[in-house]
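I went through this structure entry by entry and wrote down what I looked up. The notes follow in the order I made them.

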Amino acid sequence: MMAEGSGGPARRKALSLLEAARSRYESLQISDDVFGESGQDSSGNPFYSTSADSRSAASSQDEDDDEEDQGAVPGGPGPMEEEEEEEAERGGWTRSLRDVPPPHFKDGSGPTRKMPLTASAMDFFQLFVPDNVLKNMVVQTNMYAKKYQERFGSDDAWIDVTLIEMKAFLGYMISTSIHHCESVLSIWSSGFYSNKSIALIMTQSRFEKILKYFHIVAFRSSQTTHSLYKIQPFLDSLQNGFDSAFRPSQAQVLHEPLIDEDPVFIATCTERELRKRKKRKFSLWVRQCSSTGFICQIYVHLKEGSGADGLDALKNKPQLHSMVAKSLCQNASGKNYIIFTGPSITSLNLFEEFEKQGIYCCGLLSTRKSDCTGLPPSMLNNSATPQSRGQYRIRMKGNMSLICWYNKGHFRFLTNAYSPVQQGVIIKRKSGEIPCPLAVEAFAAHLSYICKYDDKYSKYFISHKPNKTWQQVFWFAISIAINNAYILYKMSEAYHVTRYSRAQFGERLVKELLGLEDTSPTH
């Protein structure tokens, strides 16, 4: 059991969230995967399970990185040198540990409005994509079609799109997230992915015309310099919807969700088809509630070029990930949130800056991927002495704790959210428990939940893969909005009436967008 220190009711209340996370963590039974029980040291990619049935286990590059990180640091591991200890002391790091009270969380969490028992899938979706946003898509698409034809010649087959047609257009696209067809045009084909029940709502030629002219922002204004100008108004509207519909819990995670290719397509496509796929020109990051999986904020970083400032050059550099973290947490100041981060974001400077803003952190540290500036070298070297599972060392500087914990490999954590004197436990799948600091248990509990969320919900991302970057971002954002809508549905009283699965919820939404169903669930 976890030891409770002094602090009385305040501490017990503050740790209640962790207790709830521990219950989920024990029920998921994937702690061994999170900490490399069934494979290599997983510190390089902590957000995804390494179990055999996990989609995310397919990344051989991450496995190679993890194996490299697990090895000894150049220079030879060994007992702590006296000069290293002195250097740590000069940097303010000490072996003397003291109890740190947990950050007090005042805000409530959960949905901000009560949905009626008869609320439909469309009702939840329109919390984030309301009719006024769809009407703007109609206006902008018609404006773009008119300007396009003025420049390149008239299109006699085109007539202005209507709101009903725009909803149907979205419905067809969303249907690819359920049936996982590579091309939305398969709906009108005679092949395996044909769907005659919805194909009659709109002809294929009409759908292709709307797809040709579809826009959210038709023209760049003279004041616009942002590369995402064609999608930014929609992202801003979506963010407002997320903020107004849901209050996240205290514990949240910064990470990149799974948005890779559909594994069915990758396994069945030819080499020629695979070569035709263009590499994504953006990186999508999210801030996600670890209690529910609700994605609170989206950040898109574009690859501006192939030079030194491009995404490819910066993807492993601290400055990019620090910028990402600051952007994702810009609305989190003063709320005493606890943010869990991966190695690419974890850094002493960033965590200290966040602490001044009332944001507390707990992050996995990597000697290769993390910014280790200001950290004592003695804690970054692996000990040459064989260690038992559960052994750890801790150094402290102010409220910041640096933890080196051993479990078939060395795992390092940096945190100012959990007391270094508080004990936790990692549940092993077969042989009991491994002692650890409380921060390690908290990291495992919250990150394993996000891992399961990604493995379950990433397969419902829209399969349509356009060439234009802004359209790729748009369809990913729509997919996230639908997943968030389903989370709110499951937390509402309407779920106890209909109890739709995620696939059934998506099918219901498609039919409602196409006008094939009433907007009230059947009882």
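I found Arg499 in the loop between helix 19 (494-498) and helix 20 (502-513). The model is a predicted one, so I read each value as computed from it. Arg499 is not a glycine, yet its phi is positive, at about 55 degrees.

I checked Lys408 next. It sits in the loop between strand 9 (400-406) and strand 10 (410-415). Lys408, also not a glycine, has a positive phi of about 55 degrees. I put Lys408 down as partly exposed because its relative accessibility is 42%.

**Asn483**

I located Asn483 in helix 18, which covers residues 469-490. Is Asn483 buried or exposed? Its relative accessibility is 1%, and the cut-off for buried is under 20%, so Asn483 counts as buried. I listed its contacts, leaving out neighbours within four places in sequence: Tyr453, Tyr457, Tyr460, Phe461 and Arg502.

I turned to strand 4 (residues 282-289) and found eight of its eight residues buried. In a regular strand, side chains alternate between the two faces of the sheet.

Which strands are joined to strand 4 by bridges? Strand 3 (residues 251-255) runs antiparallel to strand 4, with four bridges joining them. I noted Leu254 as paired with Arg287 of strand 4. Strand 5 also runs antiparallel to strand 4, with seven bridges between the two. Here Gln288 has Ile295 of strand 5 as its bridge partner. Strands 4 and 5 form a hairpin with five residues between them, and I recorded a positive phi of about 90 degrees for Gly293 in the turn.

**The second largest pocket**

I read off a volume of about 360 Å³ for the second largest pocket. Its lining has 20 residues, and the closest to the pocket centre are Gln232, Leu235, Ile298, Tyr299 and Val300. Helix 11 (232-245), strand 5 (295-302) and helix 15 (318-328) each give two or more residues to this lining. Helix 11 gives the most, with seven. By type, I counted nine nonpolar, nine polar and two charged residues in the lining.

Conventions: Residues are numbered from 1 along each chain as its sequence is written. This is a predicted model: local features need pLDDT of at least 70, side-chain atom pairs count only at pLDDT 80 or more; totals for chains, interfaces and linings use all residues. Side-chain values use heavy atoms; hydrogens and water are left out. Buried means under 20% relative accessible area, exposed over 50%, partly exposed in between (1.4 Å probe, protein chains only). Contact means heavy atoms within 4.5 Å. On a 1 Å grid over the protein atoms alone, a cavity is a set of points where a 1.4 Å probe fits but cannot get out, and a pocket is an open set with protein on both sides within 12 Å along at least five of seven lines; lining residues have an atom within 4 Å of a point. Grid points are joined across faces, edges and corners, and a volume is the space filled by probe spheres set on the points. Ala, Val, Leu, Ile, Met, Phe, Trp, Tyr, Cys and Pro count as nonpolar, Asp, Glu, Lys and Arg as charged, and the others, Gly among them, as polar. Two strands pair if DSSP finds at least two bridges between them.
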